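Biologist: Hi! I'm new to this one, could you walk me through it?
Modeller: Happy to, let's look at it together.

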Amino acid sequence: MSTSPSRRILVGIGNAGVTVLDLLSVEYPGMTGLLAVNNDPDSLNASIVRDKIEVPEGDPGEGFRVIDDEFGRTVEGSSAVILCGGLGGETGSFLLPALAIRAKSAGLTTMACVGMPFSFEGKHKRDLAERALEKLQEICDAVVVIGNDQLSGGSPSIAAVGEAFVLSDRTLLAALLALTGMISTSGPVKITRADIHHVLGKPGAITHFGFGKAEGSNRLHEALERALKSPLLTLPGKGMALKESSMILLLLRGAKDISFAEVQAVVGKIEQIAGDNCQIKVGVHADGPLGSALELYLLASSGGTVRKPAKPSESNETGEPNSAISPISPISPVSQIGTKLPQPSRGEEISSGHSEGEKGADELFPVQTKPTSKSGKKAAATSKQMQGTLALDTYQRGRFDKSEPTIVEGEDLDIPTFLRKGIKLNPPTRK
Amino acid sequence: MANEQIFVGLEIGTTKISVIVAEARDDDQISILGVGETPSRGVRKGEIVDMETVTECVREAILDAEDKTNVEIGNVWVAITGSHLASFNNRGSLALRAERQIEPEDLEAVEVNAKEVAIPTPNTFLHTILQAYHVDGNQNVIDPLKSEGALLEADFHIVHGIKTRIHNTLRCIESLKIGIEDVVLSSLASAQVVLSQDQKNYGALMIDIGGGTTDYLVYIDGAIRHSGVLALGGDHITNDISVGLRLPIARAELLKIEEGSASDPVSSEGGFISLKNDPRFLGCDVDRVSLETIIHLRVKEIFELIRRDIESSGEGMMDLIRGVMITGGCSKLKGIAQVAEEVFDIPVELTRARNVSGATQIFEDPQYSTAIGLTKYARLVTKNIAPESMLDRFTQGLGSLFKKRSR
């Protein structure tokens, strides 16, 4: 198996994880550094991800032992590993923490992006998922948790089951993109890995995530409106969750011409919502062609316990985590191992993640700009599924430009019907 | 006149704010005393976006109504719309401990049971409307109070919406020191005066096309089976014309009213419409086929969206609808009925408030259907008897709460 040259590796684990990577490959063809890991040969064969590791069927512990070395070799040399998958199933619940330990013990920045099961999937799944999440949060530098129940707005009675799962996969994909984009921001405005760790590294915390995409002159306003509508940004009974967060990560991706004023306006708006006590960390990937859509991602968290930061004196030792950790048996209780893992100090995280991040920023999203315009429809479909919005090519919305879009069946109906159907009209003749 | 009662219906529409003052008459009818009206500002797609401006407009409309009718307005019935409103049908069930006669408390308990469903956290219940009772599997029991049984079930049509947006409307009215009797779904109000009991029993779809929203409601066997709000209306047609023909909004609106037609442009008379110069607008000639194409596509799309929504909300529901009634300001658009007939493939009728008396030019205008409907709804609810039939009984959820608050 060829080792990907890219500096961060996205690992999709289990059926959900592989589905998300497939969606990603469709929307960002050419993106490298993807790895699919599953014990379901059918799902793996059907996947379009190039690099795959097949876990033997049966006991996941036994399976992990078989793939341990191969996985280790694959992630070797990368700067960060982002694991993605659904918790609750036997595969994901076991393999995610196990692979996280493996990556962490190799001294890599390890992050995870996971979906929690719907409550209708049963208590057994729920318990399994919670145990796995607990372990993941102990091990990883950052964990984004997408609560499927919350995602469906607490109304599974209304949403169709199939739709709910599609929405869940789409959201997981967007969260993965957000995280990937955030670790690779560079330039004068950036999000450091320490910031990500600060926001997403708290065990037991609830992740708040919003995503919006828009085009045209009013793109920033619209993208933010859409992002703020995410059900994952509300806390039951408390309203807007951003008020409860001490730090918000904001990532903007889009055309070269994202202006200072635009960024300032969006930060100002979020400040208004979140209050003065909240720090906003901004990352900008502004290298797309002019006119490409603007994507806006918000990540924050509330609750959770702050992990004891490593003492400054320890920071030197943690430079070689490999030496501190003996090869891990996946069968042994993961939580014990997790707690023993040295926590790299923040300063170190910055320095190591940084230089690599800056260099690798462009490689991380090698094709991030072109597909946005080429496969605009597909990308737009993502945002539609996620937030009930659809960013069509720059069409005129006329007087509805600044109003809340009317989205039905995935179409922005404020755009004149004849435009959406591509019907030519005779222009009026001036006298 | 004995038993005389005054009801005031207030509709904060996207185009205009109308206040209808009506009098209840002995024969169950209502008689319209007058209407107060102002053009609406600060309302988009049926929802308030600029509280201060809207409050001022509502004040003007209320004063206008008071002037015209000599009635001092203290309490109003308010219509509510907006794309945030959603609905679904749900069955509540109540197992009685032993076989016995059903009591009024049981009817309340079964309604509470039906509302025990998860709606999104920011939402609140607006209406819980009874569809039918079933006793021990006996379908459609008209009056369960007289029957005996061990299992009482009831089907409800439940309407819910975002609490804060509903509160916005209420706050705006309360700030004028006007009491709120109840909040009523716009389409439910319109249906009271637009549909006859026969139509409700026979199966009817009522579509109220306004400026900012299109509200619709399905009655089958005398009960509401489906309701919906599309944030699309006449404003969208105007905007489409403005974008497509590069005209200022005001010009586009005028052109829509004077020359607009929703008919299929295939049968267009063709030619050009000459728009004259005015100080702020350079005249031009507009291709009639283009104008009709723009309108036709939009109107057809609105009807198709409604059709698909009804089809997806209940299998076979569309087959049980025998007629479409179209009302609202936008129903005055030429050719709209033919487009609806094409889409729904059942008889379509343009309609307006009926079974009311008073100033005829008011209730004959379809743009007042909702406001007039509010007063009829008020009449039916306050009369405290089963209005029209048992199946039409409205049970208040949120509404009665506000009633207490506003007094």
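Biologist: Is the crossing where H8(B) passes H9(B) left-handed or right-handed?
Modeller: H8(B) passes H9(B) in a right-handed crossing (the near helix is turned clockwise from the far one by less than a right angle). This is a predicted model, where local features need pLDDT of at least 70, side-chain atom pairs count only at 80 or more, and totals for chains, interfaces and linings use all residues. Residues are numbered from 1 along each chain as its sequence is written, with chains lettered from A and ligands numbered from 1 in the order written.

Biologist: At what angle do the axes of H8(B) and H9(B) cross?
Modeller: Roughly 40°, and the axes of H8(B) (residues 288-313) and H9(B) (residues 336-344) come within 9 Å.

Biologist: Which residues of H9(B) make the contact?
Modeller: B:Ile336, B:Val339, B:Ala340, B:Val343 and B:Phe344. On H8(B), the residues include B:His296, B:Phe303 and B:Arg307. Contact here means C-beta atoms, placed from the backbone, within 7 Å.

Biologist: Switching topic, how many residues of chain A are in contact with chain B?
Modeller: 28 residues of chain A touch 34 residues of chain B. Helix H16 (417-420) and strand S15 (429-430) of chain A each supply at least two residues of that side of chain A.

Biologist: And how many bridges join S15(A) to S16(B)?
Modeller: 2 bridges, with S15(A) and S16(B) (residues 284-287) running antiparallel; strands pair if DSSP finds at least two bridges between them.

Biologist: What is the bridge partner of A:Arg430 in S16(B)?
Modeller: That's B:Cys284.

Notes. Two residues are in contact if their C-beta atoms, placed from the backbone, lie within 7 Å. Helices (H or I, at least four residues) and strands (E, at least two) are DSSP runs, numbered from the N terminus. Axes are lines fitted to C-alpha atoms, for helices over the stretch in contact, and angles run from 0 to 180 degrees between N-to-C directions.
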